[in-house]
Amino acid sequence: MIFNYHIRKKMNKLLETVTKFPQTEVWNDSCSCTELQYAIDNGACGATTNPVIVGNVLKKELLEWENTLISILKNNPSYTEDEVAWDMIKALGTKASKLLLPIFEKSNGQKGRISFQTNAKYYRSKDRMVKQASELASTVKNSQIKAPTSKAGVEAFEELTYRGISINATVSFTCAQAIAVAEAVERGLERRKAEGLPIDQMHPVCTIMAGRIDDYLKSWVKKHDILICSEALDMAGVAVVKNAYRLYKERGYRTKLLVAAFRNQHHWEEFIGGDIILTITKDWQEKYNASDVEIKNNIDKPVNQNLLNELLKLDEFKKAYFEDGLSMEEFEHYGAFLATMNQFLNGYDDLVKLIRSYMIL
């Protein structure tokens, strides 16, 4: 007993989190195998990618991946730069997926997945997203498919779920988006059940990019010269996630919420104990692991009412916080959606430019 106590005292904070609260999952917010191995060693059970992540990993680990890139070019002389880019995305994801496969198999598909993200350029087309998502899903056994939560994206999530593909709804910042995703997944699951198709290995998730909500609101109040408590702005994303989490639990949705875009201690600490996923970059994992935060159940602790009252003065926060804050047609026009899509599209362009530098010599 003394020995076990000693081990617990030495346990880092993220591993302690998932050990005390197995329902609280930690994922690595990167497909870098080095970073993913660190995360797995410290309790992580999943990984996510997007165009920015893949581009950054490729630049950082170019010496490791250069031969793969050259081989793709050599073996496919008629490929466009986009085709080469997607083969590279699949290659990075495939290698990382192997680290997670034992977790996937042990958990019957409920953990151990890696997310591949569809081309951000397709966010207005359900059919294009479904077609590419179906192709990406076949890349590895333990895949999860990300697509933006636009109106077309929500429609795609229902169809992909019906096809047996576990989705990860991304570019999502609001309760309205989270509820729309959950309802779409429920429709897809029920369609499968009605046809006698299995759903036991499916693991749909919906991302709320908590830190990007904070980022957007900070930018918005600055632009509009509005004075508001800075502490409140650091809790905006937390408030949105907690409200969505409450609604998910009350309604028994089979989609699991995922928190992304970490910016501060609250984005981890406030969700400890929840039936929730936290996808964290390596730099924030290291900060959390080195902290002295007490690992206790905080998921049902409400946001300080004074801070929430401050936030509710902002129309842009209300759009994110309330279930009816946005219509589906408004999803892709919300400020945080626009800012994130621009970053994803520019990140994809940067990836293609890197590929191009090997093609045009």
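Which residues does Ser-32 touch, not counting residues up to four places away in sequence? I found Val-57 and Glu-61, with contact taken as heavy atoms within 4.5 Å.

**Ground rules.** I am working on a predicted model, where local features need pLDDT of at least 70, side-chain atom pairs count only at pLDDT 80 or more, and totals for chains, interfaces and linings use all residues. Residues are numbered from 1 along each chain as its sequence is written, and side-chain values use heavy atoms, with hydrogens and water left out.

**Ser-32.** I placed Ser-32 in the loop between strand 1 and helix 3 (33-41). Helices (H or I, at least four residues) and strands (E, at least two) are DSSP runs, numbered from the N terminus. Ser-32 counts as buried because its relative accessibility is 2%; the cut-off is under 20% relative accessible area (1.4 Å probe, protein chains only). Its side chain makes a polar contact with the side chain of Glu-61 at 2.6 Å. A polar contact is a pair of N or O atoms within 3.5 Å; within protein, one must be able to donate a hydrogen and the other to accept it, and residues adjacent in sequence count only if both atoms are side-chain atoms.

**Helix 2.** I looked at residues 13-20 next. Lys-13, Leu-14, Glu-16, Thr-17 and Val-18 are buried there. Their cover includes strand 1 (24-28), helix 13 (266-269), strand 8 and helix 14. Asn-12 caps the N-terminal end of helix 2, with a side-chain oxygen 3.2 Å from the backbone nitrogen of Leu-14.

**Core.** The largest nonpolar core has 125 residues. I used buried Ala, Val, Leu, Ile, Met, Phe, Trp, Tyr and Cys residues joined through side-chain atoms within 4.5 Å. Leu-257, Trp-268 and Phe-317 have the most contacts inside this core. Leaving aside neighbours within four places in sequence, I listed the contacts of Phe-317; among them are Leu-217, Ala-236 and Val-240.

The largest pocket holds about 510 Å³ of space. A pocket is an open set of points on a 1 Å grid over the protein atoms alone, where a 1.4 Å probe fits, with protein on both sides within 12 Å along at least five of seven lines; lining residues have an atom within 4 Å of a point. Points are joined across faces, edges and corners, and the volume is the space filled by probe spheres set on them. Of the 29 lining residues, Asp-29, Asn-50, Val-52, Ile-53 and Thr-281 are the closest to the pocket's centre. Helix 4 gives the largest share of the lining, five residues.

Technical notes: Buried means under 20% relative accessible area, exposed over 50%, partly exposed in between (1.4 Å probe, protein chains only).
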